[in-house]
Structure formats: structure tokens, C-alpha cells
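Student: Could you take me through a close look at a single residue and its surroundings? I would enjoy one connected account.

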Amino acid sequence: MGMFTRPPFVLFALEDIPIKTLNTLLQKAKDGSTVEQWWWYLAEVPDYRAAPQERPDYSHDLGTEAPIKPSFSSHFVGKRLEDLTQWLINKPPNVFLDAGFFGVLDKQTERTGKIAICRVNDPKEPERAWCIQKTAAESTLYMAGLDSIADWNMDVQDHKYEIDI
């Protein structure tokens with residue numbers, strides 16, 4: 001745990017992905033980052049109790065670091081993209097996570113080593129999240145470089161990805 005200014009991005013596992021693969025992906029994402037604030041938070045339970053919290057002293061929790069506990073089990077297995085978007089939209093104000101983008105690990109992740117990066121397009125239409133794929137190492141640098149919606153929309157047109165669940 002440490003202090004930083006930007007919230008981590010939530011990473012949802014929609015499949016039972018081996019712990020070794022999760023650890024490898026998290027480590028590659030961290031190694032690919034040039035700043036600590038772009039780490040992923042690997043969501044485990046749907047009630048926000050383990051999510052990074054903003055505290056009264058303005059300190060914040062970091063994302064998930066490898067190695068994760070061997071008993072990790074995602075309660076998001078089998079969920080739809082709309083469910084994930086809604087989870088992010090409904091997060092309590094003290095939960096310190098980026099509200100606009102999130103990552104998804106799906107059936108192809110173990111084979112490809114890629115994370116689907118998704119954007120919440122409109123909180124009123126959670127089913128309209130769009131996704132693209134990046135390797136774990138590219139993912140944090142990509143997120144750090146997303147400075148405009150125009151960049152995102154152009155990338156989505158060229159590389160739109162359907163979540164495979």
C-alpha cells in the first residue's frame with residue numbers, strides 16, 4: 001500500500017484463470033508501467049469491501065500486486081460486460097477506482113496474455129461499453145496515454161473487441 005494521486009483501474013476476471021497466469025499478468029502490467037499509479041486492482045468480491053479506499057488523510061490504496069493469495073477466486077466469473085459497467089458506476093464515493101475505464105480477463109487471456117481494456121461510454125447506458133485488447137505490459141502505458149476521448153474512439157474503430165465469455 002502507498003500513496004498516489006490517480007485511482008487504479010479495476011480488472012475483472014470473467015473466467016477461472018490460474019493463479020500463476022494472474023500473477024504473471026499483474027507483474028507484466030506493473031513492469032510495463034513507468035509510474036506506480038497505473039496499476040490494476042484485481043476485483044474479487046462484488047460488495048466493494050476489498051476495493052481501494054480513499055481515506056480522510058487523502059492517502060489511497062494501490063492496485064493489486066503479485067503474488068496474489070492462492071485462494072483468490074473471482075466472483076465476477078460469468079458476468080456480462082453490462083454487469084461490470086454497472087458495478088463501476090455504482091461504486092461508493094469512498095472507493096478509489098477509475099470510473100471511466102476497466103480491464104477484463106476472458107477465455108482468451110491465458111492463451112494470448114492480453115487484457116481487454118473497456119471504457120464506460122455512458123453511465124445511463126451501461127451495455128454500451130467498448131473494449132480493445134492490449135498485452136499486459138502495454139496495458140498500463142496505454143491507459144496512461146489515454147488523454148482524450150478522440151484517441152479512444154479512433155482506437156476502438158480500428159481494434160474493437162468483443163468479450164469472449
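Tutor: The side chain of Lys-91 comes to 3.2 Å from the backbone oxygen of Val-95. Bear in mind that this is a predicted model. Lys-91 sits in the loop that runs between helix H2 (81–89) and strand E3 (101–105). Although Lys-91 is buried, it forms no salt bridge: Glu-54, the nearest side chain of opposite charge, is 7.5 Å away. Leaving aside residues up to four places away in sequence, Lys-91 touches Tyr-48, Leu-97 and Ala-99.

Tyr-48 leads us on to the aromatic rings. Across the whole structure, a search finds six aromatic pairs. In one of them, the ring centres of Tyr-48 and Trp-87 are 4.5 Å apart and the planes meet at 20 degrees, so this pair is stacked. Tyr-48 belongs to the loop between strand E2 (40–42) and H2, while Trp-87 is in helix H2, so the pair ties together parts 39 residues apart in sequence. Tyr-48 and Trp-87 are both buried.

Trp-87 also pairs with Phe-76: their ring centres are 5.7 Å apart and their planes lie at 85 degrees, so this pair is edge-to-face. Here too distant parts of the chain are linked, with Phe-76 in the loop between E2 and H2 and Trp-87 in helix H2, eleven residues apart. Phe-76 counts as buried because its relative accessibility is 3%, and Trp-87 counts as buried because its value is 7%. Finally, ring pairs join Phe-12, Tyr-48, Phe-76, Trp-87 and Phe-102 into a cluster, and Lys-91 touches one of its members, Tyr-48.

Methods. Residues are numbered from 1 along each chain as its sequence is written. This is a predicted model: local features need pLDDT of at least 70, side-chain atom pairs count only at pLDDT 80 or more; totals for chains, interfaces and linings use all residues. Side-chain values use heavy atoms; hydrogens and water are left out. Helices (H or I, at least four residues) and strands (E, at least two) are DSSP runs, numbered from the N terminus. Buried means under 20% relative accessible area, exposed over 50%, partly exposed in between (1.4 Å probe, protein chains only). Lys and Arg count as positive and Asp and Glu as negative; His and the chain ends are not counted. A salt bridge is a side-chain nitrogen of Lys or Arg within 4 Å of a carboxyl oxygen of Asp or Glu. A polar contact is a pair of N or O atoms within 3.5 Å; within protein, one must be able to donate a hydrogen and the other to accept it, and residues adjacent in sequence count only if both atoms are side-chain atoms. Contact means heavy atoms within 4.5 Å. Rings of Phe, Tyr and Trp (its six-membered ring) pair if their centres lie within 6.5 Å; planes under 30 degrees apart count as stacked, over 60 as edge-to-face and the rest as tilted.
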